[in-house]
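Subject: Structure handover

Hello,

Here is the structure I promised to pass on. Please open it next to this email and follow along. My notes come after it.

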Amino acid sequence: MGKFDGVLLASDFDNTILNTEIPRRTGCPIPPISRRNTDALRYFMANGGRFAVATGRALPAFRLFADQIPMNAPAVVCNGGALYDFQTESYLDIMELPEEIRGQGQAVLDRFPTAAVEAYHLDDVIHAVRPNLYTRQHEHVTHAGVEPVSALTDVPVPLVKIMFEDDHEHLTALRDYVLQQAWSENYEIFFSDRTLLEVTRKGASKGAMVARLAQRLGISPAHIYCAGDENNDLSMLTMAAEGFAPANCVETVRNCGATIVADCDHDTLAEIIAILDKRY
């Protein structure tokens, strides 16, 4: 029996475990995950805790980093669109987008000519329509290449997520337009960055999938802890027994009631585990 038996910690990856914002904007190399964070995770797991990454990234965009992070629970990928077990190399839970998203998304692209869109599948292929600067920045930090296609309607299904990329003011107008469409009620629509607007199936969120993961593991909601820095993390931060946010988080996260801890350059997870160590 370990002190963390029956405890689940789920954490966002980008700018929570690791600072990828500076590499994305400057093109500099992505730093390694800190030794203090990995040592803390190993301690947490050795004492019975279950740790899962909950990322907006698709599987191919996260796979290259997965070996660097100690994990003993399946990972939430695609912002809650799927649950993936790296031990068995298989998907355990999938929330696919309706096929109609391709035509609906293409109509949005036709109306907003500066926007790009990435389309995420269950395999190792990411497609992009009209890739732009933000697509290339995203490609740099994910180390996952994209295959250009002429239209979203040409992308094969099933899809678990699409992501529009543009300047923030253009994306805000795009989001507002989408929310005016009757079909928008079938989707979750949220910013994961000022230049990234994501669309998943209704009910597919990090919070919902972390809750489903906890149920699979037999973990009580009273012992679920989550960490994240962006708007796409709000669903899990607010459903957790306690949410934690690095000091570099966006204002909406800072105001959601999460406990603010060290920023992503100063071992966010190590500080969270130190807090849990005193609690349990």
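Strands β10 and β11 pair in the antiparallel sense, over six bridges. A hairpin of two residues joins β10 to β11. In this pairing Y187 stands opposite R201 in β11. β10 covers residues 187-193, and six of its seven residues are buried, so the rest of the structure largely encloses this strand. Bear in mind throughout that this is a predicted model.

The open sheet

Next, a sheet of five strands. Its order is β2-β1-β12-β13-β14, and the pairing is parallel. β2 (50-53) and β14 (259-261) are the edge strands, each pairing on one side only. On average, neighbouring strands of this sheet are turned by 20° against each other, direction ignored.

Inside the sheet, β1 and β12 pair in the parallel sense over four bridges. A10 stands opposite C226 in β12. Helix α7 packs on this sheet and touches β1, β2 and β12. The direction of α7 makes about 150° with that of β1.

Two helices in contact

How do α2 and α10 cross, and at roughly what angle? Their axes come within 7 Å and cross at roughly 35°. The crossing is left-handed. From α2, the residues in contact are R36, N37, A40, L41, Y43 and F44. From α10, they are T268, L269, A270, I273, L276 and D277. By class, the residues of this contact divide into eight nonpolar, two polar and two charged.

Salt bridges

Side chains of opposite charge can pair when their charged atoms come close. With a cut-off of 4 Å between a side-chain nitrogen of Lys or Arg and a carboxyl oxygen of Asp or Glu, the model has 13 salt bridges.

D277 lies in helix α10 (residues 268-279), while K3 lies in the segment before β1 (8-11), so the pair ties together parts that are 274 residues apart in sequence. Are these two partners buried, partly exposed or exposed? D277 is partly exposed, with a relative accessible area of 26%. K3 is partly exposed as well, at 31%.

Now D233 and K206. They form a salt bridge whose closest N and O atoms are 2.6 Å apart. D233 sits in the loop between β12 (224-227) and α8 (234-239), and K206 sits in helix α7 (residues 206-217). The pair links distant parts of the chain, 27 residues apart. Both D233 and K206 are buried. D12 joins these two residues in a network of salt bridges.

R279 counts as partly exposed, at 42% relative accessibility. E242 counts as buried, at 18%, because the limit for buried is under 20%.

Backbone points to check

Which peptide bond is cis? The one from V157 to P158, with omega near 5°. P158 is in the loop between β8 (146-149) and β9 (161-165).

Two residues have a positive phi without being glycine: C78 and R130.

- C78 has a phi of about 55°. C78 is found in the loop between β3 (75-77) and β4 (82-85). It is buried, with a relative accessible area of 2%.
- R130 has a phi near 55°. R130 is found in the loop between β7 (126-129) and α5 (133-142). It is partly exposed, with a relative accessible area of 33%.

Best wishes

Definitions and conventions. Residues numbered from 1 in each chain as written. Predicted model: local features only at pLDDT ≥ 70, side-chain atom pairs only at ≥ 80, totals over all residues. Heavy atoms only, no water. Buried < 20%, exposed > 50% of the residue type's maximum accessible area, 1.4 Å probe, protein only. Pairing = 2+ DSSP bridges. Axes fitted to C-alpha atoms, helices over the stretch in contact; angles between N-to-C directions. Contact = heavy atoms within 4.5 Å. Left-handed = near helix turned anticlockwise from the far one by under 90°. Nonpolar A, V, L, I, M, F, W, Y, C, P; charged D, E, K, R; others polar.
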